[in-house]
Amino acid sequence: MVFIIIIAVLAIVVGYVRLAPSDPAVWHDMPDVTRDTDMANGVERVVPTGPEGLARLAEVALATPRTVLLAGSVGEGMMTFITRSKFWGFPDYTTAKQDGDTLLIYARQRFGSSDLGVNKARVDGWIARL
């Protein structure tokens, strides 16, 4: 009986992680990014790209497995992407904003207190592909 309860609780948690709505009003937001910063739950990057940086990043991001656009557009000058982990489906949010010739990137996790460097690896990989 205890095993069944544990499995049921686990199924509920996994279901919530995968099905919880992602409200653009909450996640399509950019803090004041002024320098490259590594945090326990994400990263901030300032990348000189020229004026087409956001358009190029959008191509790279949307070619990444399990990544979709949550909100924004190149024309708006800011986009937020959701990338889900392969096994559990944990969502990470990456917001990118074109600021003149500079691309500002803010990536963070939704659940937990540490992303184990996943956002850093993904964002730095995207930047390398620009």
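In what order do the 6 strands of the open sheet stand? The order is E1-E2-E6-E5-E4-E3, and the pairing is antiparallel.

The model is predicted: local features need pLDDT of at least 70, side-chain atom pairs count only at pLDDT 80 or more, and totals for chains, interfaces and linings use all residues. Residues are numbered from 1 along each chain as its sequence is written, and side-chain values use heavy atoms, with hydrogens and water left out.

View 1. Helices (H or I, at least four residues) and strands (E, at least two) are DSSP runs, numbered from the N terminus. Two strands count as paired if DSSP finds at least two bridges between them. Strand E1 (37-39) and strand E3 (67-73) are at the edges with a single partner strand each, so one side of each has no neighbour in the sheet. On average, neighbouring strands are turned by 15° against each other, direction ignored. Axes are lines fitted to C-alpha atoms, for helices over the stretch in contact, and angles run from 0 to 180 degrees between N-to-C directions.

**View 2. Strands E2 and E6.** Strand E2 (residues 42-48) and strand E6 (residues 102-109) run antiparallel and are joined by 7 bridges. Gly42 has Arg108 in E6 as its bridge partner.

**View 3. Helix H4 across the sheet.** Helix H4 (residues 118-129) lies across E1, E2, E3, strand E4 (78-84), strand E5 (91-99) and E6, at about 15° to E2. Val118 belongs to helix H4. With 43% relative accessibility, Val118 is partly exposed, a class between buried (under 20% relative accessible area) and exposed (over 50%), for a 1.4 Å probe and protein chains only.

**View 4. The largest nonpolar core.** A nonpolar core is a set of buried Ala, Val, Leu, Ile, Met, Phe, Trp, Tyr and Cys residues joined through side-chain atoms within 4.5 Å. The largest one has 15 residues, and Leu57, Ala96, Leu103 and Ile105 have the most contacts inside it. Two or more residues each come from E2, helix H3 (53-62), E4, E6 and H4. H3 gives the most, with 5 residues.

**View 5. Glu44 in strand E2.** Glu44 lies in strand E2. Glu44 is buried but has no salt bridge, and Arg35, the nearest side chain of opposite charge, is 6.9 Å away. A salt bridge requires a side-chain nitrogen of Lys or Arg within 4 Å of a carboxyl oxygen of Asp or Glu; Lys and Arg count as positive, Asp and Glu as negative, and His and the chain ends are not counted. Leaving aside neighbours within four places in sequence, Glu44 has contacts (heavy atoms within 4.5 Å) that include Pro31, Val33, Ile105 and Tyr106.
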